[in-house]
Amino acid sequence: MSEHSANPSATAATGRTRAVKAVIPAAGLATRFLPATKAVPKELLPVVDRPVLQYIVEEATQAGLNDVLLITGRGKTAMVDHFDRRPDLEERLENKPELLAAVKRTEDLAEIYTCRQPEQLGLGHAVGYAESHVGDAPFAVLLGDEFVKMDEPLLPAMLELQARTGGIVLAFFEVDPAETSRYGIASVEPAGPEFGDLAEVVKVTGMVEKPKPEEAPSNLAVLGRYVLPGKIFDAIRRTEPGSGGEIQLTDAMEILRNEGVPVHAIVYRGTRYDTGQPLGYLQTVVQIAVEREDLGAEFRKWLTEFVNNGDETVSAAILNGMRDQSGGAGT
């Protein structure tokens, strides 16, 4: 563990620097999960037998981002401990090779670095604390309460797109038009044909925070993944506090867009897991559990019996939620 890294950034075929570092802002209070999160960071809530944060770090490392900076807050040191060595525990597990391998995997996933955000004053404020670690190179930001399915990756296409454009790259997912008031919604136009070999790419022309359905410019909502150029830090310094006195990353990105920095997005159509609120967290646990080779068959059988024998209204809600998650619409 360290607070600084000297790992050089990779160079893309375009000659531009390619992002090799990930930043995970994780200093929030997680009030939606109180009292559970009074002493346990929300990012460590388990999804079956792995915490949410581990899924996110695995998503980063799968894309080649092996240098991970956690922006932490007061009372959240356990997040770092999860990726640290536990020789005493490893010794106790010598005769349980599968469990030992699972424990040691957390130590070998990535180089984990930390930085403390003393006050939670917005996502832009949190990202600003990564400057001394990232420098002027591009980097990825992964929010700590959502992740995507490992065999339906999102970050590789985002990293490639940012390396080509040198600008800002976002990720969107489609929502029901009636649900736009719950999300940041983008206005977009078609991207150029030069991106035809990537996933679905759009050019971003603006962002609207939680618009009414009749006022929404599209049904494309922001997913918590960003690939940003190093100049975002200067934009954050020039960003005035917005709603609630917070420094918003969206406002900083808008400064750069108005100054001519290109902003593109990947429209993600894979499976997105949203653990930022209790309902989405429960849906994530259920969906991943039924897909597990070691648990899935038995758990699915029990869940089917529970749904069939339970209240019809509750059963329908559970099944509809699982279908929504499978379709990538999120919660």
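This is a predicted model: local features need pLDDT of at least 70, side-chain atom pairs count only at pLDDT 80 or more; totals for chains, interfaces and linings use all residues.
## The chain as a whole

The chain holds 12 helices and 15 strands, and of its 331 residues 49% count as buried. Among contacts between residues at least 6 apart in sequence, 77% join residues at least 24 apart.

## The loop between β3 and β4

Strand β3 covers residues 21-25 and strand β4 covers residues 46-47, and P35 lies in the loop between them. The peptide bond that joins L34 and P35 is cis, with omega at about 5°. As background to both features, most residues other than glycine have a negative phi, and most peptide bonds are trans.

Is A30 buried or exposed? With a relative accessible area of 15%, A30 falls under the 20% limit and is therefore buried. V40, which is placed in the loop between β3 and β4 as well, has a relative accessibility of 37% and so counts as partly exposed. The C-alpha atom of V40 is separated by 9.1 Å from that of M79, although the two residues are 39 apart along the chain.

## An aromatic cluster

By the rule used for ring pairs, the count comes to 7 aromatic pairs. A pair of aromatic rings is described by the distance of the centres and the angle of the planes. For Y55 and F147, the centres are 4.7 Å apart and the planes stand at 15°, so this pair is stacked. Y55 belongs to helix α1 (residues 52-62) and F147 to strand β9 (residues 146-148), and the pair links distant parts of the chain, 92 residues apart. Y55 counts as buried because its relative accessibility is 6%, and F147, with a relative accessible area of 2%, is therefore buried too.

F147 also forms an aromatic pair with Y273, and this one is tilted, with 5.0 Å from centre to centre and 35° between the planes. Since F147 lies in strand β9 and Y273 in strand β15 (residues 272-274), the pair ties together parts that are 126 residues apart in sequence. Both F147 and Y273 are buried. Taken together, Y55, F147 and Y273 form one aromatic cluster, with F147 taking part in the stacked pair with Y55 and in the tilted pair with Y273.

## A charge over a ring, and two further loops

What lies over the face of F173? The residue in question is R272, at 4.0 Å from the ring centre.

D176 lies in the loop between β10 (168-174) and β11 (184-190). With a relative accessibility of 47%, D176 counts as partly exposed, because that value lies between the 20% and 50% limits. D176 and L220 are 44 residues apart along the chain, while their C-alpha atoms are separated by 9.2 Å. Another loop, the one between β12 (201-209) and β13 (220-228), contains K210. K210 is not a glycine, yet its phi is positive, at about 50°.

## The packing of α10 and α11

At what angle do helix α10 and helix α11 pack? Helix α10 (residues 278-291) and helix α11 (residues 296-309) pack at an angle of about 125°, and their axes are 6 Å apart.

On the side of α10 the contact is made by V286, A289 and V290, and on the side of α11 by G296, F299, R300 and L303. Sorted by class, the contact of α10 with α11 has 5 nonpolar, 1 polar and 1 charged residues.

Notes
Residues are numbered from 1 along each chain as its sequence is written. Side-chain values use heavy atoms; hydrogens and water are left out. Axes are lines fitted to C-alpha atoms, for helices over the stretch in contact, and angles run from 0 to 180 degrees between N-to-C directions. Helices (H or I, at least four residues) and strands (E, at least two) are DSSP runs, numbered from the N terminus. Contact means heavy atoms within 4.5 Å. Ala, Val, Leu, Ile, Met, Phe, Trp, Tyr, Cys and Pro count as nonpolar, Asp, Glu, Lys and Arg as charged, and the others, Gly among them, as polar. Rings of Phe, Tyr and Trp (its six-membered ring) pair if their centres lie within 6.5 Å; planes under 30 degrees apart count as stacked, over 60 as edge-to-face and the rest as tilted. Buried means under 20% relative accessible area, exposed over 50%, partly exposed in between (1.4 Å probe, protein chains only). A charge sits over a ring if NZ of Lys or CZ of Arg is within 6 Å of the ring centre and within 35 degrees of the ring normal.
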